[in-house]
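Hi everyone, thanks for coming. Today I'd like to walk you through the salt bridges in a structure that may be new to you. Let me put it up on the screen.

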Amino acid sequence: TPADAGALAAGLLVDACGPQAENSLRLEVVKDLALDLGRRLEVLAGEDFAADSLVEAALACADLAILAACNLPALPDGDRPLAAAAAHLAAGATRALIPLVESEAGILDEAYAENMLRDARSAGWRADLAVRQLVG
């Protein structure tokens, strides 16, 4: 599932932080956040395709993409490609989740569906921002 891809992206970011995290408070925090997001995404990947789970996964993947992109400069040069891969994979997982949210929203109460779609669009916007930060 796309949430599995997000969990994989979290693992890439954890690996990018690697042993340097012990010498840098910033990287230690990034590594801990990536671990938390990865665990959250693993749980969500095991759930059914309920709209709530899909939106939560999209938001978590977008958070992960932003986390990786924003902290890329703090990493040693040799570990930056892993963080960039994590950002791209998390952003792609976010984008893949949005159509699934849209399909589930069609069977929900109108006000509830609007809020879910708004959250999904927000996740997509943040994922796109992370990718733009990497390339620009």
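Before we look, here is the term we need: a salt bridge is a side-chain nitrogen of Lys or Arg within 4 Å of a carboxyl oxygen of Asp or Glu. Please keep in mind that this is a predicted model.

Let's start inside one helix. Arg39 and Asp36 join their side chains in a salt bridge, with 2.4 Å from N to O. Both residues sit in helix H2, which covers residues 25-45, and because they are three residues apart there, about one helical turn separates them. Arg39 is partly exposed, at 47% relative accessibility, and Asp36 is partly exposed too, at 42%.

Next, a pair that goes from helix to helix. Glu56 and Arg40 form a salt bridge at 3.3 Å, N to O. Here distant parts of the chain are linked: Glu56 belongs to helix H3 (residues 51-71) and Arg40 to helix H2, 16 residues apart. Are these two buried or partly exposed? Glu56 is partly exposed, with a relative accessible area of 34%, and Arg40 is partly exposed at 31%.

Finally, have a look at Arg95 and Asp128, whose side chains meet in a salt bridge of 2.6 Å, N to O. Arg95 is in helix H4 (residues 80-105) and Asp128 in helix H5 (residues 110-135), so this pair ties together parts 33 residues apart in sequence. Arg95 has a relative accessible area of 38%, making it partly exposed, and Asp128 is partly exposed at 29%.

Technical notes. Residues are numbered from 1 along each chain as its sequence is written. This is a predicted model: local features need pLDDT of at least 70, side-chain atom pairs count only at pLDDT 80 or more; totals for chains, interfaces and linings use all residues. Side-chain values use heavy atoms; hydrogens and water are left out. Helices (H or I, at least four residues) and strands (E, at least two) are DSSP runs, numbered from the N terminus. Buried means under 20% relative accessible area, exposed over 50%, partly exposed in between (1.4 Å probe, protein chains only).
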